[in-house]
Amino acid sequence: MRDKASQSPAEAPTKPLYCRSPHRAMLLAGLDGQQHPDLSKVDQAQQSQIILTHPELQALGQSCGLRWMCSTMSAGHPSSQAKATRLPTPQGPRSDSMASQHLGPLIFACLLALAACLPALDIRNLHLLNGTLDEIMNAPPEPSQFDNDTQHVRQVRDVAPRPPAGHGWPKDCSEVSAGSRSGIYIIQPKGLHHIVVYCEMNVTHGGWTVIQRNQKDTPVTWAESWSTYKYGFGNVRTEYWLGTEYIHQIAKQKVYQVRFVIQDSSDNIHFADYNLFSVEDESHGYRLRLGSYAGTAGDAMTSDNPKTMHDNMKFSTKDRDQDTYSKNCAYSYEGGWWFSACYSVRLNFKGGMTWGSLCKGNCKSSLILIKPASYC
């Protein structure tokens with residue numbers, strides 16, 4: 001019978017490691033192929049105490065004096081740290097050999113421990129806009145992780161993207177670093193959860209948040225309900241509507257401007273800029289407010305004709321009629337918009353679009369971009 005001094009590290013009695021976190025834990029066991037209690041269902045509403053009792057992890061912790069660190073996160077920002085017990089580091093050749101022998105599993109265990117303490121980002125519109133984490137431009141670098149045999153390293157996308165160190169998530173695309181490429185980014189408007197948007201970084205000094213994009217031959221059906229328009233739909237890579245609620249939340253942060261980019265039937269590109277842009281909240285019908293016009297497309301949004309005015313109009317959909325017409329313009333013309341009675345602009349439509357006298361039912365594409373006004 002062996003005495004305690006001769007027992008292997010896996011057999012030796014060890015003091016449990018503790019880690020406090022209000023977020024879900026991962027299963028940090030399984031290095032030896034055995035089944036261990038699943039720690040993934042910890043109550044997120046409580047400061048749960050996670051007891052790491054896996055003998056292999058304990059041995060590894062003893063062999064290198066590992067200090068387990070967990071960060072509780074709130075809306076993407078570290079709010080506090082909960083430290084686990086640090087185990088004493090044994091000395092001598094035996095501990096050096098043990099550390100070398102378990103180096104691979106140790107690194108793997110460290111990665112799992114760090115991942116366990118991070119909450120998954122709540123990107124509410126990612127699936128609505130058919131996006132994936134792999135396409136997000138401001139996701140963190142891919143960390144290394146060992147394969148099951150611990151002999152080869154592979155690259156994997158972090159499932160809980162974090163903002164760059166020392167910075168929060170951008171509130172809109174104007175806060176994305178200058179010189180960045182156009183693409184899909186995570187933003188977090190003030191007081192709102194994380195959302196994904198397409199940032200246009202090449203047009204007029206960049207920093208534009210794309211709130212609408214459409215093509216004449218789009219597969220997207222624009223005759224959608226109020227709730228669908230509210231939170232967005234389509235494909236963030238191609239044709240999509242960001243969502244009237246998210247447009248409102250972004251545009252209320254500062255004084256914004258808007259640019260409409262229209263491709264006519266001859267493939268010429270025209271634009272219409274309005275130096276002010278805002279959308280009121282849902283209780284006010286997401287009413288549109290525009291400023292002064294400049295551009296080459298013609299001022300089709302602020303027409304003097306009250307029957308075709310869009311400025312100062314509430315948003316209408318097929319199931320919520322807020323226009324000034326006796327019938328429902330959104331239902332009749334198959335797309336939600338800021339209708340009066342009924343339109344001089346129809347961009348949310350499957351087929352040829354309309355922009356004033358520039359192209360009546362045969363516009364090929366549209367793009368709506370917003371960013372903070374340059375003089376504010």
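**Rings, charges and the core**

Start with R259. R259 sits over the face of F271, 4.6 Å from the ring centre. "Over" has a rule: NZ of Lys or CZ of Arg within 6 Å of the ring centre and within 35 degrees of the ring normal. R213 lies over the face of Y198 too, at 4.5 Å from the ring centre.

A word on the source. This is a predicted model, where local features need pLDDT of at least 70, side-chain atom pairs count only at pLDDT 80 or more, and totals for chains, interfaces and linings use all residues. Residues are numbered from 1 along each chain as its sequence is written, and side-chain values use heavy atoms, with hydrogens and water left out.

Next, ring pairs. Rings of Phe, Tyr and Trp (its six-membered ring) pair if their centres lie within 6.5 Å; planes under 30 degrees apart are stacked, over 60 edge-to-face, the rest tilted. By this rule there are 16 aromatic pairs. Y229 and F233 have ring centres 4.9 Å apart and planes at 85°, so they are edge-to-face. Y229 is buried, because its relative accessibility is 0%. Buried means under 20% relative accessible area, exposed over 50%, partly exposed in between (1.4 Å probe, protein chains only). F233 is buried as well, at 6%. Now Y274 and Y293: a tilted pair, 5.7 Å centre to centre, 55° between planes. Y274 is buried at 1%; Y293 is partly exposed at 27%.

Which residues form one aromatic cluster with Y229? W222, W226, F233, W241, Y286, F315, W337 and W338.
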